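Please look through the model shown here. This report starts with its terms and then visits one part after another.

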Amino acid sequence: MLRDATAADFPTILALNEAFVSVLSPLDHGRLARLHAQAALHRVIERDGRVVAFLLVLREGADYDSPNYRWFAQRQARFLYVDRIVVAADAHGAGTRLYRDAFAFARRSAVPVIACEFDIQPPNPASERFHARLGFREVGQQPLYGGSKVVSLQLLDVAAGESPLATSA
Ligand SMILES: CC(C)(COP(=O)(O)OP(=O)(O)OC[C@H]1O[C@@H](n2cnc3c(N)ncnc32)[C@H](O)[C@@H]1OP(=O)(O)O)[C@@H](O)C(=O)NCCC(=O)NCCS
């Protein structure tokens, strides 16, 4: 079941984030609550009564100190920014489903592009393949944490139908 996230899901969402924190940024209850309040889209997938995946998306104009969010905010007037997507190790397939939902949301909201980033130093090959398959392309790179990490900044033009999923949601 795909549904909106609620505050009752926060403990599970935090646990999922923690399980993959090496390829994400850290999250605590206060930060999650602030992101949730600002989210354009915050969705979870529940299987057998258990939340196994979540997607949190912001729009332009959010009060968010992430350097990646800011990178896009400086360059795009209207965008959806995927702050994070996490899928439990036993729930593969949920990621594509969540993105399908995000593409449909972008079209309904007449937002032309979806932005995100993933680590390239050290690499996150699963995320790289996942986003390439969805149709994202690199539009920049930036070092984080004093250079201990480098991210690839990615954009997908929903309006131009760049994604193979764009017309089938
Ligand atoms: C990246 C992530 C969101 C993908 O979600 P998912 O539900 O596993 O992805 P899907 O099953 O829908 O896979 C779609 C495609 O992604 C790629 N992919 C997904 N997992 C992969 C893996 N472990 N290794 C390599 N490619 C992978 C494949 O190309 C796959 O297509 P295929 O099954 O036809 O080969 C998920 O693996 C995850 O949460 N990882 C940890 C957190 C993370 O890295 N989040 C993104 C941070 S930028």
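## Terms and model

Helices (H or I, at least four residues) and strands (E, at least two) are DSSP runs, numbered from the N terminus. Pro122, for example, is found in the loop between β5 and α5.

This is a predicted model, in which local features need pLDDT of at least 70, side-chain atom pairs count only at pLDDT 80 or more, and totals for chains, interfaces and linings use all residues. Residues are numbered from 1 along each chain as its sequence is written, and side-chain values use heavy atoms, with hydrogens and water left out.

## Around the ligand

How many residues surround the ligand? The shell holds 19 residues, and the closest are Val87, His92, Gly93, Gly95 and Thr96. A residue is near a molecule if one of its heavy atoms lies within 4 Å of it. By class, the shell has 10 nonpolar, six polar and three charged residues. Here Ala, Val, Leu, Ile, Met, Phe, Trp, Tyr, Cys and Pro count as nonpolar, Asp, Glu, Lys and Arg as charged, and the others, Gly among them, as polar.

Polar contacts (pairs of N or O atoms within 3.5 Å; within protein, one must be able to donate a hydrogen and the other to accept it, and residues adjacent in sequence count only if both atoms are side-chain atoms) come next. A backbone N or O atom of Gly93 lies 2.7 Å from an oxygen atom of the ligand. For a backbone N or O atom of Gly95, the distance to a ligand oxygen atom is 2.8 Å. Thr96 uses its side chain: a polar atom there lies 2.4 Å from an oxygen atom of the ligand.

The elements that give two or more residues to the shell are β4 (79–87), α4 (94–108), β5 (113–121) and α5 (125–134). Which element gives the most? That is α5, with five residues.

## A buried residue

Asn68 lies in helix α3 (residues 67–73). Is Asn68 buried or exposed? Asn68 counts as buried because its relative accessibility is 5%. Buried means under 20% relative accessible area, exposed over 50%, and partly exposed in between (1.4 Å probe, protein chains only). The side chain of Asn68 makes a polar contact with the side chain of Gln142, at 2.9 Å.

## The loop between β2 and β3

Asp48 lies in the loop between β2 and β3. Its relative accessibility is 86%, so Asp48 counts as exposed. Gly49 lies in the loop between β2 (41–47) and β3 (50–59). Gly49 counts as exposed because its relative accessibility is 64%.

Now compare sequence with space. Asp48 and Met1 are 47 residues apart along the chain, and their C-alpha atoms are separated by 9.0 Å. Gly49 and Met1 are 48 residues apart in sequence and 9.1 Å apart in space, C-alpha to C-alpha.

## Backbone exceptions

Most residues other than glycine have a negative phi, and most peptide bonds are trans. Which peptide bond is cis? The bond from Gln121 to Pro122 is cis, with omega near -5°.

Ala110 has a positive phi of about 55° although it is not a glycine. Its place is in the loop between α4 and β5. Ala110 counts as exposed because its relative accessibility is 52%.

Tyr145 has a positive phi of about 50°, and it is not a glycine. Tyr145 is found in the loop between β6 (137–144) and β7 (149–157). With a relative accessible area of 52%, Tyr145 is exposed.
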